[in-house]
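Subject: Structure for your review

Dear colleague,

Please find the structure below, together with its sequence. My findings follow it.

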Amino acid sequence: MTRSGDRVELEARVLLAGTAAGTALVLDEPLSLWGGMDPHSGRVCDHHHPQLGVTVTGRVLVMPSSRGSSSSSSVLAEAVRLGTAPLAILLAEPDEILVLGALVAEYLYGRVCPILVVPEVAGGTIATGDQVTVSGDRVTLARSRNLDGTEEGSMTARSTADTDDTAALRLGDFSALTFDCYGTLIDWEAGILAALRPWTAAHRVEVDDEELLAAFGRAESRRQAAQPTAPYPEILAGVLGDLATEHGATASREEAAAFAGSVGDWPAFPDSAEALAYLKRHYRLVIVSNVDRASFRHSNAKLGVTFDAVVTADDAGAYKPAPNHFQLALAQLADMGVAGHQVLHVAQSLYHDHVPAKRLGLKTMWINRRADRAKGSGATPAAAPVTPDGEVPTLAALAELHRQEHAG
Amino acid sequence: MGPGRPAVRLSDSDQALLAGAEGPAARLAMRIVVEMARLAGAAELIDITSAHIDGCLFHGDAGLDFAERLLEGGAVVRVPTTLNVASLDLLHPDRYRGGPETARAARRLMDAYVAMGCAETWTCAPYQLPRRPGLGEHVAWAESNAIVFANSVLGARTARYGDFIDICAAVTGRVPDAGLHRTERRRGQVVFDLNGLPERLLAEDVLYPLVGLVVGAESGNLVPVVDGLPPGVAEDRLKAVGAAAAASGEVGLVHVVGSTPEAPTLADALQHRQPDRLVTVTPAMVLAARDRLTTAGPDRGRLAGVNVGTPHFSVAEFGQLVALLGGRRVHPEVECYASTSRHVLARIEALGWLAALEAAGVRLVVDTCTYVTSILTDTAGVVMTNSAKWAWYAPGNLGVQVVFASLRECVESAVEGRVVGDDALWGPR
């Protein structure tokens with residue numbers, strides 16, 4: 001490896017010769033193209049891969065190795081035929097399956113996807129965003145400037161809430177934040193209670209706030225799993241019916257309709273709008289919410305900021321903790337040039353958000369709005385064991401964490 | 001191609017093929033075999049006794065273009081050659097849910113391979129067919145689970161062949177003398193010690209795909225050895241280990257001490273050298289592997305389907321399925337599929353099991369597999385499977401939510417119409 005200025009020259013072993021120049025896309029884990037890359041879209045579609053949704057087309061694909069099915073040759077040849085293939089592939093070790101696919105595509109269509117072994121791939125020398133030129137057995141890297149600046153010695157920011165948990169997380173590593181809305185940005189527990197209290201009073205249902213929220217959480221998650229394509233107001237109307245049944249009461253059509261339409265009245269947490277305005281200057285912001293589009297418009301007005309993308313249950317055709325929201329959001333972010341590892345998911349609910357997001361390999365930040373409560377998980381069901389990558393008590397604390405890291 | 005690499009030594013007949021003496025298709029096939037030999041650093045090519053083709057599964061027009069280019073150039077296979085699953089169930093064409101254009105292209109691809117002289121076996125489990133290769137025999141098999149089975153369980157020798165090179169090997173009868181064809185490359189390098197697993201778990205079929213998953217994820221490009229299983233592990237369990245290992249990793253051979261022919265003892269599997277790595281497999285790792293395979297949320301949701309037979313169900317596995325059903329019927333709202341080969345189908349028909357399965361509402365899928373092609377009609381609910389390989393690929397291929405479980409759990413769930421967990425097996429959730 002030789003360096004001159006911001007250019008790095010690497011020696012490579014040519015598996016399939018050719019020339020290419022383009023931007024690097026570094027995959028952190030091996031990828032089987034078969035079952036892992038859709039040749040029609042050029043996107044990573046392996047649900048077990050941390051960079052699900054990222055597009056390889058037109059990039060210099062850098063990965064430790066390929067893995068899995070021997071049908072990956074066909075997928076690569078098909079991608080070359082369709083024009084969705086990477087410009088070139090750099091591997092840490094030889095891979096005959098990929099070379100074969102590229103070789104056959106060259107025989108059939110006269111188009112070359114060079115493949116080279118570059119030992120430095122294993123050492124993380126190449127970063128996503130680097131400009132890579134492939135020519136003969138030479139691979140040249142030109143570093144993007146901000147990457148050089150943060151390469152060494154930058155401080156690791158620590159959370160104000162819990163230093164141990166967030167020691168490893170650097171907010172500067174991310175370029176997009178995906179948010180849960182209700183419970184995270186909107187104080188839905190206050191909103192739900194305000195909407196339900198007139199009904200409990202009218203029907204003399206005696207239940208304390210925590211119990212009522214827990215019953216809501218149970219009924220809501222049950223209905224969302226059973227009717228994944230029902231609009232959210234319909235879910236809420238059904239939940240009121242379930243609560244009535246559970247407490248031996250009734251709920252009129254008007255009461256159900258009023259509860260169904262209450263989402264727009266649920267208040268924002270006091271710190272949400274200001275913190276979002278700050279974060280908007282540093283990140284792309286995306287909503288992934290178990291809500292319908294119409295209700296969200298009212299909530300959005302309370303949050304002030306314009307989101308770069310909004311994924312609702314209407315769009316996903318499912319409710320979290322199903323993975324659909326996250327897959328859609330990752331696909332939309334990929335179109336904006338943001339890879340999965342550059343995304344931090346920010347949410348209060350372990351059940352709806354952290355469990356499915358971690359399952360898809362996303363990094364997560366827990367806005368533990370209920371840290372001051374003694375027990376229970378409020379309006380969200382208890383979750384399977386999950387460890388978010390970081391934890392803060394409020395959104396304002398997250399913005400402050402970023403401010404400190406930025407200054408440090 | 002690479003500077004400083006010695007050329008591959010070619011026989012007179014190799015040279016003749018390269019020169020086009022047997023037509024343009026044999027020439028193209030030999031060029032590709034030689035390129036791959038150079039890449040692998042092989043000194044020469046060796047003869048094979050059989051081939052198994054994966055290229056007959058339709059992935060797009062590139063595969064079809066290649067097969068038809070070979071066919072037009074006069075390609076004929078030189079060794080007995082079997083065909084992997086394709087995209088269509090020729091015996092039950094109505095089960096196919098894809099578009100008519102894809103179906104036509106898939107059919108053309110299948111026809112091209114048959115026209116080159118391949119046998120219409122359409123199975124990912126060619127090792128369940130009557131004639132199978134023996135210890136030390138060189139073959140060119142494609143399809144990752146078949147490769148592992150041939151190398152591990154049969155002791156035959158095949159590299160990890162894939163689409164394109166499989167038919168090139170069949171047409172030329174030659175492969176590079178490299179990779180798992182060579183004795184030294186078959187040495188066990190990483191030992192997975194299962195001695196810490198409880199007896200109760202070792203007795204369960206469901207353990208084996210999970211062990212395979214751990215092996216695949218942890219082996220990298222090293223040859224794994226599984227140690228600590230009771231001797232004489234059943235073939236279907238070894239099949240499950242291999243299929244899962246090949247899905248989650250780059251595994252082409254896994255020695256199972258006391259069960260596979262090159263591993264009568266741990267020392268034999270290691271070719272009497274020290275292992276590079278030792279992995280102690282704990283019950284927690286097995287449970288983590290199980291949870292990794294389940295993509296459905298903790299409340300599981302509505303059960304839409306149950307899929308078994310990936311890789312293709314054997315006669316013995318059908319026997320288990322019939323016994324577990326015990327004359328009960330699959331719930332009317334659950335689609336229950338079992339994938340297998342037409343060869344095994346004929347055998348279970350003769351045993352009377354096919355009629356029993358059909359009466360129970362189990363739908364048999366042959367020639368193809370439910371995760372490579374559009375068979376399921378209801379992809380909105382969760383789908384259960386006892387196959388780690390199905391669970392691994394189906395969420396990406398079909399967009400379904402999966403619950404991985406034992407065959408018994410799959411059957412009980414199919415009958416009851418909801419996801420039923422076996423607490424005695426796993427402990428309460």
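Predicted model: local features only at pLDDT ≥ 70, side-chain atom pairs only at ≥ 80, totals over all residues.

In general, the strands of a sheet pair through backbone hydrogen bonds, in either a parallel or an antiparallel manner. Here, strand E11 (residues 335–340) of chain B is joined to E12(B) by four bridges, and the two run parallel. Within this pairing, Thr340(B) has Val366(B) of E12(B) as its bridge partner.

I turn now to helix packing, and to helix H3 (residues 61–72) of chain B in particular.

Within chain B, H3(B) packs with helix H4 (residues 100–115) at an angle of about 30°, their axes being 9 Å apart. Because angles under 35 degrees count as roughly parallel, H3(B) is roughly parallel to H4(B). The crossing of H3(B) and H4(B) is left-handed. On the side of H3(B), the contact is made by Asp61(B), Gly63(B), Leu64(B), Ala67(B), Glu68(B) and Leu71(B), and on the side of H4(B) by Ala105(B), Arg108(B), Leu109(B), Ala112(B), Tyr113(B) and Ala115(B). By class, the residues of this contact of H3(B) with H4(B) are eight nonpolar, one polar and three charged.

H3(B) also meets a helix of chain A. The axes of helix H2 (residues 96–109) of chain A and H3(B) come within 11 Å and cross at roughly 65°. That angle makes H2(A) roughly perpendicular to H3(B). The crossing of H2(A) and H3(B) is left-handed. Val104(A), Ala105(A) and Leu108(A) of H2(A) are in contact with Ala62(B), Asp65(B), Phe66(B) and Arg69(B) of H3(B). The contact of H2(A) with H3(B) comprises five nonpolar residues, no polar residues and two charged residues.

Some features of the backbone also deserve mention.

Which peptide bonds are cis? In chain A, the bond from Lys320(A) to Pro321(A) is cis, with omega near 15°. Pro321(A) is placed in the loop between helix H11 (313–316) and helix H12 (324–335) of chain A. In chain B, the bond from Thr310(B) to Pro311(B) is cis, with omega near -10°. Pro311(B) is placed in the loop between E10 and helix H12 (315–325) of chain B.

Positive phi values are also found in residues other than glycine. Trp122(B) has a phi near 45° and is found in the loop between H4 and strand E4 (140–141) of chain B. Trp122(B) is buried, since 26 other C-beta atoms lie within 10 Å and the cut-off for a buried residue is 20 or more. Phe164(B) has a positive phi of about 80° and lies in the loop between helix H5 (144–154) and helix H6 (165–172) of chain B. Phe164(B) is likewise buried, with 31 other C-beta atoms within 10 Å.

With kind regards

Conventions:
Residues numbered from 1 in each chain as written. Chains lettered and ligands numbered in written order. Axes fitted to C-alpha atoms, helices over the stretch in contact; angles between N-to-C directions. Parallel < 35°, antiparallel > 145°, perpendicular 65-115°, else oblique. Left-handed = near helix turned anticlockwise from the far one by under 90°. Contact = placed C-beta atoms within 7 Å. Nonpolar A, V, L, I, M, F, W, Y, C, P; charged D, E, K, R; others polar. Pairing = 2+ DSSP bridges. Buried ≥ 20, exposed ≤ 12 C-beta atoms within 10 Å, placed from the backbone.
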